[in-house]
Amino acid sequence: MLLKSAKEVLAESLKKMLEKKTLKSITVKDLVKDCGISRQAFYYHFNDIYELVEWIFVEEASKALADNRHIDTWQQGYYHVLKNMRDNKLLVANVYRSISREYLETFMYNVLHDVIYPVVEEQSAGMNVDNKHKEFIAHFYSLAVVAMGLDWVRSGMKEEPEEIAEQVAILVKGDFKKSLKKYAQ
């Protein structure tokens with residue numbers, strides 16, 4: 001049996017506490033008392049609760065996006081991000097309401113851009129496209145996909161993650177290559 005790290009224990013504790021409290025009302029004292037870790041141990045790993053939230057998001061996203069950075073798999077990566085968000089619905093909803101939409105938007109953008117840019121790179125193989133144009137294409141589609149995800153969070157995550165990922169994939173299918181061809185020199 002694998003032992004959980006202090007970070008994992010703190011993350012589980014925070015998720016459990018969010019079932020009864022808002023993120024704003026949870027303190028470091030509450031967390032360390034709940035999971036039996038010292039305040040010193042908490043502050044060794046994190047500066048504050050929001051840094052713990054960010055760590056949770058990054059860990060979940062890393063797992064969700066593993067091996068999904070190609071034209072044939074990016075939709076699966078997006079689906080896994082949405083599914084993990086729904087699996088952590090209380091955490092995501094609390095962050096959306098507590099920290100601000102901007103925090104969640106920035107996090108989602110960074111995660112999705114890391115998936116979309118390699119797809120754009122892959123699709124540009126054999127084309128003479130300036131890096132600034134590839135970056136613009138990745139930026140544009142990252143923003144669009146993030147907006148869809150945030151709207152889904154705002155409306156209560158009612159639709160199935162797979163349905164949203166499929167709808168987005170239908171809209172962008174072939175668009176990366178089409179855009180790249182327009183920018184090709």
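Reader: How many residues does helix H8 have, and what distance does H8 reach from its first C-alpha to its last?

Author: Helices here are DSSP runs (H or I, at least four residues), numbered from the N terminus, and the expected span is 1.5 Å times one less than the number of residues. Helix H8 (residues 131-154) has 24 residues and reaches 34 Å from its first C-alpha to its last, close to the 34 Å expected. Before going on, note that this is a predicted model, in which local features need pLDDT of at least 70 and side-chain atom pairs count only at pLDDT 80 or more, while totals for chains, interfaces and linings use all residues. Residues are numbered from 1 along each chain as its sequence is written, and side-chain values use heavy atoms, with hydrogens and water left out.

Reader: Which residues of H8 are buried, and what caps the N-terminal end of H8?

Author: An α-helix has 3.6 residues a turn, so residues three or four places apart point the same way. With buried taken as under 20% relative accessible area (1.4 Å probe, protein chains only; exposed is over 50%, partly exposed in between), the buried residues of H8 include Lys134, Ile137, Ala138, Tyr141, Ser142, Val145 and Trp152. The cap is Asp130, with a side-chain oxygen lying 2.9 Å from the backbone nitrogen of Lys132; a polar contact is a pair of N or O atoms within 3.5 Å, where within protein one must be able to donate a hydrogen and the other to accept it, and residues adjacent in sequence count only if both atoms are side-chain atoms.

Reader: Where is Met157 found, and what is the phi of Met157?

Author: Most residues other than glycine have a negative phi. Met157 is found in the loop between H8 and helix H9 (161-172), and phi of Met157 is near 55 degrees, a positive value in a residue other than glycine.

Reader: Which residues touch the most other members of the largest nonpolar core?

Author: In soluble globular proteins, nonpolar side chains tend to be buried together. A nonpolar core is a set of buried Ala, Val, Leu, Ile, Met, Phe, Trp, Tyr and Cys residues joined through side-chain atoms within 4.5 Å; of the 58 residues in the largest one, Leu14 and Leu52 touch the most other members. Helix H7 (residues 101-123) supplies the largest share of this core, 11 residues. Not counting residues up to four places away in sequence, the contacts (heavy atoms within 4.5 Å) of Leu14 include Leu23, Ile49, Leu52 and Leu91.

Reader: Is His113 buried or exposed, and which residues is His113 in contact with?

Author: His113, found in helix H7, is buried, with a relative accessible area of 12%. Leaving aside neighbours within four places in sequence, His113 is in contact with Pro118, Glu135, Ala138, His139 and Ser142.

Reader: How many aromatic pairs does the count come to?

Author: Rings of Phe, Tyr and Trp (its six-membered ring) pair if their centres lie within 6.5 Å, with planes under 30 degrees apart stacked, over 60 edge-to-face and the rest tilted. The count comes to six aromatic pairs. Phe46 and Trp55 form an edge-to-face pair, 6.2 Å centre to centre with 65 degrees between the planes; both residues are buried, and together with Phe42 and Tyr43 they form one aromatic cluster.

Terms used: Helix = DSSP H or I, 4+ residues; strand = E, 2+ residues; numbered from the N terminus.
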